[in-house]
Amino acid sequence: MVWHKKYALRYSATAWMAFKGGLKTADILNARGIISSNTCCFCHLENESMAHLFFECSFTFNIIKKFLPWLGNLLMKPNLFQVFDSVLDQGFNASHVNYYLLTVCASIYFSWRARNDRIFGGILDCQNTLPLGRSFGQPGAMLLFCPIRAWNR
Ligand SMILES: [Zn+2]
């Protein structure tokens, strides 16, 4: 579901690591005795964990909801697995499924990068600018906005 020939490798690799618990979130670092702030750098309300970052956090949930609007109909914020499952549950054809799965993978990549930029670089993106990327020349950011018609080619 994560790996696909049309996916950019960095998006798939980051999503794969998120699924496997390979991204070093605060809860993992604390469990290993590495001192780190537990608080989510986006919402500052909850402890940071894989489930919280993807996508139980209001910040990242609001971003993914812009690309997958049907998530707004859920009663609770979904976790990573539920977001991927929701794409498959929409009844889309294969091209649209691939497009939305790529979008989820890219959202994970850019959210993780924004998290690291906040913690280590002091760079803050808001919910509206993060999906755009800091530079419009950034190919990954533009990919999120390519029309589905172009994706089918
Ligand atoms: Zn949060």
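1. Overall content. The protein chain has eight helices and zero strands. Read from the N terminus, its elements follow the order α-α-α-α-α-α-α-α. Of the 153 residues in the protein chain, 28% are buried. When contacts between residues at least 6 apart in sequence are considered, 49% of them join residues at least 24 apart.

2. The core. The largest nonpolar core contains 25 residues, and Cys57, Val104 and Cys105 have the most contacts inside it. At least two residues of this core come from each of α1 (9-19), α3 (50-56), α4 (58-67), α5 (80-88) and α6 (94-121). The largest share is that of α6, which supplies ten residues.

3. Valine 104. Which residues does valine 104 contact, leaving aside its neighbours within four places in sequence? They are Ile64, Val83, Phe84 and Val87. Val104 is also among the residues with the most contacts inside the core, and it belongs to the set of α6 residues that meet α4.

4. Contact of α1 with α6. The axes of these two helices come within 8 Å and cross at roughly 75 degrees. An angle from 65 to 115 degrees counts as roughly perpendicular, so α1 is roughly perpendicular to α6. On the α1 side the contact is made by Arg10, Tyr11, Ser12, Thr14, Ala15 and Ala18. On the α6 side the residues are Leu102, Cys105, Ala106, Ile108, Tyr109 and Trp112. By class, nine residues of this contact are nonpolar, two are polar and one is charged.

5. Contact of α4 with α6. Here the axes come within 10 Å and cross at roughly 150 degrees. Because angles over 145 degrees count as roughly antiparallel, α4 is described as roughly antiparallel to α6. The crossing of α4 and α6 is right-handed. Thr60, Ile63, Ile64 and Phe67 in α4 meet Thr103, Val104, Ser107 and Ser111 in α6. By class, this contact has four nonpolar and four polar residues, with no charged residues.

6. Burial in α4. The buried residues of α4 are Phe59, Thr60, Phe61, Ile63 and Ile64. Their cover includes α3, α5 and α6. Thr60, Ile63 and Ile64 also take part in the contact of α4 with α6.

7. Is the bond from phenylalanine 54 to phenylalanine 55 cis or trans? The bond is cis, with omega near 5 degrees. Phenylalanine 55 has its place in helix α3. As background, most peptide bonds are trans. A reader going through the backbone may want to look at this bond in the predicted model.

8. Histidine 44. This residue is not a glycine, yet it has a positive phi of about 55 degrees. Most residues other than glycine have a negative phi. Where is histidine 44? It lies in the loop between α2 (26-31) and α3. Is histidine 44 buried or exposed? Histidine 44 counts as exposed because it has 9 C-beta neighbours inside 10 Å, and the cut-off for exposed is 12 or fewer.

Technical notes
Residues are numbered from 1 along each chain as its sequence is written. This is a predicted model: local features need pLDDT of at least 70, side-chain atom pairs count only at pLDDT 80 or more; totals for chains, interfaces and linings use all residues. A nonpolar core is a set of buried Ala, Val, Leu, Ile, Met, Phe, Trp, Tyr and Cys residues joined through C-beta atoms within 7 Å. A residue is buried if 20 or more other C-beta atoms lie within 10 Å of its own, exposed if 12 or fewer, and partly exposed in between; C-beta atoms are placed from the backbone. Helices (H or I, at least four residues) and strands (E, at least two) are DSSP runs, numbered from the N terminus. Two residues are in contact if their C-beta atoms, placed from the backbone, lie within 7 Å. Axes are lines fitted to C-alpha atoms, for helices over the stretch in contact, and angles run from 0 to 180 degrees between N-to-C directions. Angles under 35 degrees count as roughly parallel, over 145 as roughly antiparallel, 65 to 115 as roughly perpendicular and the rest as oblique. Ala, Val, Leu, Ile, Met, Phe, Trp, Tyr, Cys and Pro count as nonpolar, Asp, Glu, Lys and Arg as charged, and the others, Gly among them, as polar. A crossing is left-handed if the near helix is turned anticlockwise from the far one by less than a right angle, and right-handed if clockwise.
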